[in-house]
Amino acid sequence: MYTDDFDKMRNQIHRLMGEFFKEAKPLVGYQADQRFHPPMDIYETEEDLVIIMEIAGMRREDINVVFEKNRLSISGTRTEASPFSKTRLHQMEIDYGYFERTLRIPFPLKVDEIRATYRDGFLVVTVPKRKEPISKTVEVNVR
């Protein structure tokens, strides 16, 4: 129980610090952060747990979705695709680099039936709920 509380608190602190410093990016000489946290929505239906993550500008093969024990991890790397030389940088708000978001799932899921689709900049991961508990590692193919 304490580990989960600590994880929640640590994630909230990282999120708050990221939001606080996001607006403070300098105009000249800015280097993209090593990590970023794409926004996501999580909801539950009668049958499924659904995670929607906004990660535009990526290729499917650059996105990793892994379920291990009771944690679902979504990670990847968004590379900067600008063909222009940045002689004078005026504004940079799009985050590039590595990201990873991990969710602790508090109820059993049918991990063999996880579905992930990526379209129009949104990753949608759908995981059917299960009645009895199960624990295994599964890599999910993003379509």
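**View 1. Aspartate 120 in the loop between S7 and S8 of a predicted model.** Aspartate 120 sits in the loop that links S7 to S8, where strands are DSSP runs of E with at least two residues, numbered from the N terminus. Its phi is near 55°, a positive value in a residue other than glycine. Aspartate 120 counts as exposed because its relative accessibility is 69%, the term exposed meaning over 50% relative accessible area and buried meaning under 20% (1.4 Å probe, protein chains only). Residues are numbered from 1 along each chain as its sequence is written. In this predicted model, local features need pLDDT of at least 70 and side-chain atom pairs count only at pLDDT 80 or more, while totals for chains, interfaces and linings use all residues, and side-chain values use heavy atoms, with hydrogens and water left out.

**View 2. Lysine 69 in the loop between S4 and S5.** The phi of lysine 69 is near 55°, a positive value in a residue other than glycine, and lysine 69 counts as exposed because its relative accessibility is 56%.

**View 3. Serine 73 in strand S5.** Serine 73, part of the strand spanning residues 71-78, counts as buried because its relative accessibility is 18%. The side chains of serine 73 and threonine 102 are joined by a polar contact of 3.0 Å, that is, a pair of N or O atoms within 3.5 Å, of which, within protein, one must be able to donate a hydrogen and the other to accept it, residues adjacent in sequence counting only if both atoms are side-chain atoms.

**View 4. Surroundings of isoleucine 63.** Leaving aside residues up to four places away in sequence, isoleucine 63 touches Ile55, Met58, Ile74, Ser75, Tyr118, Leu123 and Val142, contact meaning heavy atoms within 4.5 Å.

Notes
Helix = DSSP H or I, 4+ residues; strand = E, 2+ residues; numbered from the N terminus.
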